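Good morning, everyone. Let's take one chain and walk through it together. Please look at the screen.

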Amino acid sequence: YDPEQTSYEDLLKFYWKNYAGSTFFQQYKAAIWYHDEEQRAVAEASVEEEAKVKSRKPMVEILPAKEWHDAEEYHQKYMWKSKQHRMPPSFPSRRLKLHPTGEGG
């Protein structure tokens, strides 16, 4: 995440647009990470807004950002690789470099 390229608010909009829910399994939980108190407040407000839209609070944790470790390669960009979940490269995904070609920005 590069705040010079994408605002935290836009990142959260992209998150909620693609949010598929959470499970009770620890390795598949949904989470939003923040770097400072301002981001924490924005993240919490986004959860409340999503709860109003969906008429129930989403199962998502809001956690302080820590050192990040990528998952195994076969987990990377799973939704793009899966034939069942082909999504067109949207403006936010290009800007966030989430398109499988790695193009963006």
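One definition before we start. A residue is called buried under 20% relative accessible area, exposed over 50%, and partly exposed in between. Now try R40. Its relative accessibility is 25%, so R40 counts as partly exposed. Keep that scale in mind. And keep in mind that this is a predicted model.

Now the overview. The protein chain has four helices and two strands. Along the sequence, the pattern reads α-β-α-β-α-α. There are 105 residues in the chain, and 22% of them are buried. One more figure, on contacts. Take the contacts between residues at least 6 apart in sequence: 51% of these join residues at least 24 apart.

Next, the strands. In which sense do β1 and β2 pair? The answer is parallel, over four bridges. Strand β1 covers residues 31-34, and strand β2 covers residues 61-64. How does the chain get from β1 to β2? The path goes through helix α2, residues 37-54. That gives a β-α-β crossover, and this crossover is right-handed. To find your place in the pairing, look for A31. Opposite A31 stands E61, in β2.

The structure holds five salt bridges. Where does E44 sit relative to R40? These two are four residues apart in helix α2, so about one helical turn separates R40 and E44.

How open are these partners? E37 has 48% relative accessibility, so E37 is partly exposed. E44 has a relative accessible area of 36%, so E44 is partly exposed too.

Now the third bridge. E48 forms a salt bridge with K57. Their closest N and O atoms are 3.6 Å apart. Is K57 buried or exposed? At 54% relative accessibility, K57 counts as exposed. E48 has a relative accessible area of 42%, so E48 is partly exposed. And which residues do shared partners join into one network? That network consists of E37, R40 and E44.

Last topic: aromatic rings. A pair of rings is described by two things, the distance of the centres and the angle of the planes. This structure holds four aromatic pairs. One of them is formed by Y15 and Y19. Their centres are 5.8 Å apart, with 40° between the planes. Why is this pair called tilted? Planes under 30 degrees apart count as stacked and those over 60 as edge-to-face, so the rest count as tilted. Ring pairs also bring in W16, and link Y15, W16 and Y19 into a cluster.

How accessible are the two tyrosines? Y15 has a relative accessible area of 21%, so Y15 is partly exposed. Y19 has 22%, so Y19 is partly exposed as well.

To recap: a parallel pair of strands, a right-handed crossover through helix α2, a salt-bridge network of E37, R40 and E44, and a ring cluster of Y15, W16 and Y19. Thank you.

Terms used
Residues are numbered from 1 along each chain as its sequence is written. This is a predicted model: local features need pLDDT of at least 70, side-chain atom pairs count only at pLDDT 80 or more; totals for chains, interfaces and linings use all residues. Side-chain values use heavy atoms; hydrogens and water are left out. Rings of Phe, Tyr and Trp (its six-membered ring) pair if their centres lie within 6.5 Å; planes under 30 degrees apart count as stacked, over 60 as edge-to-face and the rest as tilted. Buried means under 20% relative accessible area, exposed over 50%, partly exposed in between (1.4 Å probe, protein chains only). Two strands pair if DSSP finds at least two bridges between them. A crossover is right-handed if, with the strands pointing away from the viewer, the path from the first strand over the helix to the second runs clockwise. Contact means heavy atoms within 4.5 Å. A salt bridge is a side-chain nitrogen of Lys or Arg within 4 Å of a carboxyl oxygen of Asp or Glu.
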